[in-house]
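Open the model in a viewer and keep a selection panel at hand. The stops below each say what to select and what is there.

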Amino acid sequence: MRRKRVLPLATLLLCAPALAGTSPAAAAPQTAPAPAPASGGPLRILLTNDDGYDAPGIRKAFERLTAAGHDVTIVAPLTNQSGTGTKMSNAPAVTVKHPEPKVWAVDGTPGDSVAFGLAEVFAGKAPDLVVSGTNFGPNVAGLATHSGTVGGAVAALEHGVPAIALSTGGLSVPDPVTTVNAMGPTLDFAVKLIDRLRSRARSQPLLPEGVGLNVNHPVVGTDGKGKAAGVSATFQDPQTVLEPDFTDAGDGTWKTTVKVVLRPAARGGDIEAVSAGRIAVSPMNGDWNTGPVDQAATSALITGLRP
């Protein structure tokens, strides 16, 4: 299959003000991206996830981003939607609950939640940023392709709204306590990253249209006080990670299992970074184009940031 060539993401990120609105094959935005507030001003953030509106990760994100001075509204799935990717429902009706101020629970996928949030909750004025997560467990390599957390961010990018996907976890089976504890450092870094984006935007959109960031924070220590070894500008490792297996039961049904198969990590990829205890920051295109992925702009963005 012949791959479509796109501009290097370094060019897109470094020239964000000039290129805003020129993503090569992005879906026509239904909500125009708003310029970022002046440096130091609060952002209007739509917060979503795939673990459900009341999951620890999104609640910690709400608390931390609000404490940082931002105006945060949760619009997230009513139930756990892990692994739903970019799926959007086509039901004739969707149930939406509003259980408390600043919280909307949509009986659908992360994509449904973001679509509802942009069309109704933020009707008339798009949020400055969509943050999806923090997810319980990593979204690196092929996991990102199936991730509802990443899917929520992609839904925002399709509408021309800047987006960041956040995940917390290593490549081993997540331990509930240590993973939830590590969400604190994940969100501390997210606040620093958002501040950096805001200061660089200079009243322009935080990111070029159609370009988002996929951030994976490792689990370091057990009490949430550990520090990552550093921050790396990465790309999505091309390996699939998940491999399905089917066994014929002989009665017209097939038993299915999914195995985690890890191959040697690609140098400079997200798996290599997270495995080394580093935070992986990967640029991503919302329109699924592939091309020469240049980490130079992301490197410039995160230079000087610390875990």
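Select Asn214: it is buried, with a relative accessible area of 4% (buried means under 20% relative accessible area, exposed over 50%, partly exposed in between, with a 1.4 Å probe and protein chains only). Asn214 sits in strand β7, where helices (H or I, at least four residues) and strands (E, at least two) are DSSP runs, numbered from the N terminus. The model is a predicted one, in which local features need pLDDT of at least 70 and side-chain atom pairs count only at pLDDT 80 or more, while totals for chains, interfaces and linings use all residues. Residues are numbered from 1 along each chain as its sequence is written, and side-chain values use heavy atoms, with hydrogens and water left out.

Stay on Asn214 and show its surroundings. A polar atom of its side chain lies 3.1 Å from the backbone oxygen of Asn139; a polar contact is a pair of N or O atoms within 3.5 Å, and within protein one must be able to donate a hydrogen and the other to accept it, with residues adjacent in sequence counted only if both atoms are side-chain atoms. Leaving aside residues up to four places away in sequence, Asn214 touches Asn139, Ala144, Val150, Ala165, Ala280, Val281, Ser282 and Met284 (contact means heavy atoms within 4.5 Å).

Next, select strand β6, residues 163–168. How many of its residues are buried? The count is 6 of 6. On one side are Ala163, Ala165 and Ser167, on the other Ile164, Leu166 and Thr168, and both faces are covered.

β5 and β6 pair in the parallel sense over 5 bridges (two strands pair if DSSP finds at least two bridges between them), and Val130 stands opposite Ala163. β6 also pairs with β7, again parallel and over 5 bridges; here Leu166 is opposite Val215. From β6 the chain crosses through α7 to β7, and this β-α-β crossover is left-handed. For reference, a crossover is right-handed if, with the strands pointing away from the viewer, the path from the first strand over the helix to the second runs clockwise.

Now select Ile164 and Leu193. Of the 36 residues in the largest nonpolar core, these two touch the most other members. A nonpolar core is a set of buried Ala, Val, Leu, Ile, Met, Phe, Trp, Tyr and Cys residues joined through side-chain atoms within 4.5 Å. α7 supplies the largest share of this core, 8 residues. Leu193 touches Ile164, Leu213, Val215, Leu301, Ile302 and Leu305, not counting residues up to four places away in sequence. Apart from this core lies another, of 20 residues, including Leu118, Phe122, Val154 and Val161.

Move to helix α4, residues 110–121. Its buried residues are Pro110, Gly111, Asp112, Ser113, Val114, Phe116, Gly117 and Leu118. Among the elements covering them are β1, β2, β3, β4 and α6.

Then select β3 (96–100) and β4 (103–106). These strands run antiparallel and are joined by 3 bridges. Glu100 has Val103 as its bridge partner in β4. The hairpin has 2 residues between the strands, and Lys102 takes a positive phi near 70° there.

Helix α3 is the next stop. At 1.5 Å a residue, its 12 residues (56–67) should span 16 Å, and the end C-alpha atoms are 16 Å apart, which agrees; the expected span is 1.5 Å times one less than the number of residues. Gly57, Ile58, Arg59, Ala61 and Leu65 are buried in α3, and their cover includes β1, β2, β3, β4, β5 and α7. Just after α3, Gly69 has a positive phi of about 100°.

Two single residues remain. Pro208, in the loop between α7 and β7, is buried at a relative accessible area of 3%. Its C-alpha is 8.7 Å from that of Gly160, 48 residues apart in sequence. Thr298, in helix α9, is buried at 0% relative accessibility. The C-alpha atoms of Thr298 and Thr234 are separated by 8.1 Å, with the residues 64 apart along the chain.

Finally, select the whole chain. It has 9 helices and 11 strands, and buried residues make up 50% of its 307 residues.
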